[in-house]
Amino acid sequence: MGRSARCYCGAATLSFMADPLQVIYCHCDDCRRWTGAAAPVFAAFADDVVDGLAALGPGKSFAKGVDRWNCAKCGSPLVGRFDYVPGQSWVPLGVIEDASGLKPEFHCFAERRHDWVPAAGLPGSNGTGRDALNAAAHD
């Protein structure tokens with residue numbers, strides 16, 4: 001099932017030729033600041049099913065091993081790629097056109113989860129959760 005995403009102003013669009021590999025909460029400070037969300041949720045898509053990223057130009061790196069793409073016009077966060085989860089493009093659920101059915105299944109940086117965000121019985125990892133994220137992408 002294909003999905004699409006767009007920025008706030010509509011100038012940047014992405015399409016995905018397959019469902020996400022996984023959907024997670026990330027409670028790290030970087031993702032909170034980048035998305036503006038207190039409990040950001042991301043869908044990870046295999047890089048080869050993401051269409052439209054090349055039109056956005058090169059990503060910007062604010063930390064070693066992390067590249068992020070934002071709309072050049074409105075600044076909406078669109079995609080993050082992380083060296084520790086190769087081959088995956090992480091898209092904030094807020095920019096995906098129809099995120100119904102994309103339920104989070106894991107908490108990254110669980111130790112930083114705000115106490116009002118329900119854990120919902122989901123597994124989690126202190127820190128990046130790289131081992132669990134890479135394993136889930138290959139299931």
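This is a dialogue on reading a few local features in a predicted model.

Trainee: Which strands do bridges join to S4?

Mentor: S3 is joined to S4 by 4 bridges, and the two run antiparallel. One example is Tyr25, whose bridge partner in S4 is Val41. S9 and S4 also run antiparallel, joined by 5 bridges. There, Ala44 has Trp90 in S9 as its bridge partner.

Trainee: Now the helix. Which residues of H2 are buried?

Mentor: In helix H2, residues 130-137, they are Leu133, Asn134 and Ala137. Viewed down the axis of H2, these buried residues fall within an arc of 95°, so they line one face of the helix.

Trainee: What covers the buried residues of H2?

Mentor: The cover includes strand S3 (22-26), strand S9 (88-92) and strand S10 (107-108). S3 and S9 have already come up, as strands joined by bridges to S4.

Trainee: Next, a charged residue. Where does Arg68 lie, and is Arg68 buried or exposed?

Mentor: Arg68 is in strand S7, residues 66-70, and is buried. A salt bridge needs a side-chain nitrogen of Lys or Arg within 4 Å of a carboxyl oxygen of Asp or Glu. Arg68 has no salt bridge: the nearest side chain of opposite charge, Asp30, is 4.9 Å away.

Trainee: Which residues does Arg68 touch?

Mentor: Leaving aside residues up to four places away in sequence, Arg68 touches Asp30, Cys31, Trp34, Gly59, Lys60, Val79, Gly80 and Phe82.

Trainee: Last, the backbone. How should I read phi?

Mentor: Most residues other than glycine have a negative phi. Phe109 has a phi near 55°, a positive value in a residue other than glycine. For Ala120, phi is likewise positive, near 55°.

Trainee: Where do Phe109 and Ala120 lie, and is each buried or exposed?

Mentor: Phe109 lies in the loop between S10 and strand S11 (124-125), and Ala120 is in the loop between S10 and S11. Phe109 is buried, with a relative accessible area of 13%, whereas Ala120 counts as exposed at 64% relative accessibility.

Notes:
Residues are numbered from 1 along each chain as its sequence is written. This is a predicted model: local features need pLDDT of at least 70, side-chain atom pairs count only at pLDDT 80 or more; totals for chains, interfaces and linings use all residues. Side-chain values use heavy atoms; hydrogens and water are left out. Buried means under 20% relative accessible area, exposed over 50%, partly exposed in between (1.4 Å probe, protein chains only). The arc is that of the directions from the helix axis to the C-beta atoms. Contact means heavy atoms within 4.5 Å. Lys and Arg count as positive and Asp and Glu as negative; His and the chain ends are not counted. Two strands pair if DSSP finds at least two bridges between them.
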